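Here is a short report on charged pairs and on one helix. Look over the sequence and the fold before reading on.

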Amino acid sequence: MIELRNLSLSVGDTALLQDINLSVATGETLALLGPSGAGKSSLARLLLRLLEGQPSRTLRHKARHRGFHWSGQAIVAGTDVLSASVGQMRHLRGNQIGLITQSLSDALNPQLTMRAHVAEMLALHQITDITPEQVFATFNLPHGLLERRPAYLSGGEVQRVLIALSLLPKPECLILDEPTAALDPANQALTVKAMAHGRAQRAQILITHDPALALSVCDHIAVLDQGRIVETGTPRDLQRQPQHPKSRAMIQQPRDTAPGTAAAPSGPDVLRVHQLSHRYGARPVLRNLSFTLRAGECLAVLGPSGCGKSTLARLVAGMEPLQSGQILWSEATRPARPSPFPCPCQIGYVSQFPHRALTAHFSVAQTLAEALSLSQGRLRWFQRPRHSDPATRTAICNALTAVSLPTDAPFLA
């Protein structure tokens with residue numbers, strides 16, 4: 001089971017979690033529901049001691065300490081993970097505590113096939129009564145994925161493989177960090193089905209900001225806001241009569257899915273794709289794809305995981321070499337001067353893997369300063385971005401405000 005007692009977590013003098021008290025028995029699934037930035041993923045990493053830090057009681061000057069520090073108890077599978085030794089945690093991870101992370105792109109070895117991943121997990125836990133083929137059949141995974149590497153899998157396929165790998169050792173506790181956040185409805189349903197495999201024998205914490213998922217698959221829900229549990233209850237109670245304003249805002253939020261009726265303003269062609277085809281090895285991904293995008297339009301590319309959506313995005317952005325067909329950008333999107341980059345600098349690209357898209361050793365201010373300098377042609381490859389001048393700081397704060405992110409010094413640092 002999982003039991004959290006007065007659990008608090010801080011980084012420096014900034015509190016991430018405050019006085020968390022939760023209990024999850026074997027056979028139960030608890031949803032930790034909250035908006036982005038509420039502290040959900042920090043809690044998941046703390047339960048497996050994946051945060052580098054130390055107990056608060058060992059610090060002499062907490063205000064001067066810039067790393068993570070915690071207090072309270074987190075008893076998982078019978079062990080207080082906050083006071084466990086390195087050797088104990090190494091044994092607990094994977095064997096008794098499983099984690100399904102939201103950072104899909106970094107969770108698998110890019111050099112290994114899916115067969116090798118499964119074989120490695122079976123050997124690590126000395127499981128000899130099942131083969132990789134039987135594992136894939138048990139978790140309803142296509143047999144054709146066995147010989148593929150992670151780069152040739154969609155996000156939904158990676159997620160389902162990760163769930164199978166996490167459940168193979170039959171852990172007593174399972175932490176699921178946003179397992180369906182980037183999946184289409186079909187893969188969401190398959191992922192939820194995989195999550196239910198053997199759930200009666202373990203305690204589960206589902207971390208999500210999707211109230212529909214929490215209401216449909218969990219026994220209890222805890223609403224987290226700004227690091228505090230503001231309400232707990234059963235899905236039935238919270239759906240009928242939530243007490244806290246944050247619970248009402250999340251669970252009873254209006255859902256207007258009606259399409260707009262206003263006609264898009266007509267404009268010149270910005271992008272033309274003609275007879276675009278692409279393949280990975282012998283597997284075709286795109287076949288004779290053609291479309292036109294005009295100024296003022298928004299084109300939605302809709303399809304299940306693995307159908308080629310991300311491949312199309314990378315091709316259009318110039319991040320993959322063109323194999324067959326044409327991608328024609330209008331003159332307005334081309335840089336006024338020669339550019340060393342394969343992608344025109346007027347094209348923005350938002351990756352589905354945010355953790356890989358950011359430089360780990362850059363602060364938020366440095367990351368945005370680099371993007372600003374590159375867009376203005378003011379940064380060489382050997383230079384570090386500067387963010388101290390007033391004009392750059394103002395531009396950074398404006399960009400953060402536009403997407404409802406804080407602009408205070410702790411966040412920028």
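## The model and its salt bridges

This is a predicted model. It holds seven salt bridges. Side chains of opposite charge can pair when their charged atoms come close.

## Lys-246 and Asp-225

Lys-246 pairs with Asp-225 in a salt bridge. Their closest N and O atoms are 3.9 Å apart.

Asp-225 has 18%, so it counts as buried, because the cut-off is under 20%.

## Arg-294 and Asp-269

A second salt bridge joins the side chains of Arg-294 and Asp-269, at 3.4 Å from N to O. Arg-294 lies in strand 13 (residues 283–294), and Asp-269 lies in strand 12 (residues 269–280). The two are 25 residues apart in sequence, so the pair ties together separate parts of the chain.

Both partners are partly exposed. Arg-294 has a relative accessible area of 36%. For Asp-269 the value is 34%.

Glu-320 forms a salt bridge with Arg-314. Here the closest N and O atoms are 2.7 Å apart. Glu-320 is buried, with 19% relative accessibility. Arg-314 is partly exposed, with a relative accessible area of 22%.

Salt bridges can also share partners. In this model, Arg-115, Glu-133 and Glu-147 are joined into one network in that way.

Helix 3 covers residues 114–124. Which of its residues are buried? They are Met-114, His-117, Val-118, Met-121 and Leu-122. Seen down the helix axis, these buried residues fall within an arc of 130°, so they line one face of helix 3.

The face turned away from that buried side carries the exposed residues Ala-123 and Leu-124. What do the buried residues of helix 3 pack against? They pack against helix 4 (132–138) and helix 5 (155–167). After helix 3 comes Gln-126, with a positive phi near 55°.

Methods
Residues are numbered from 1 along each chain as its sequence is written. This is a predicted model: local features need pLDDT of at least 70, side-chain atom pairs count only at pLDDT 80 or more; totals for chains, interfaces and linings use all residues. Side-chain values use heavy atoms; hydrogens and water are left out. A salt bridge is a side-chain nitrogen of Lys or Arg within 4 Å of a carboxyl oxygen of Asp or Glu. Buried means under 20% relative accessible area, exposed over 50%, partly exposed in between (1.4 Å probe, protein chains only). Helices (H or I, at least four residues) and strands (E, at least two) are DSSP runs, numbered from the N terminus. The arc is that of the directions from the helix axis to the C-beta atoms. Contact means heavy atoms within 4.5 Å.
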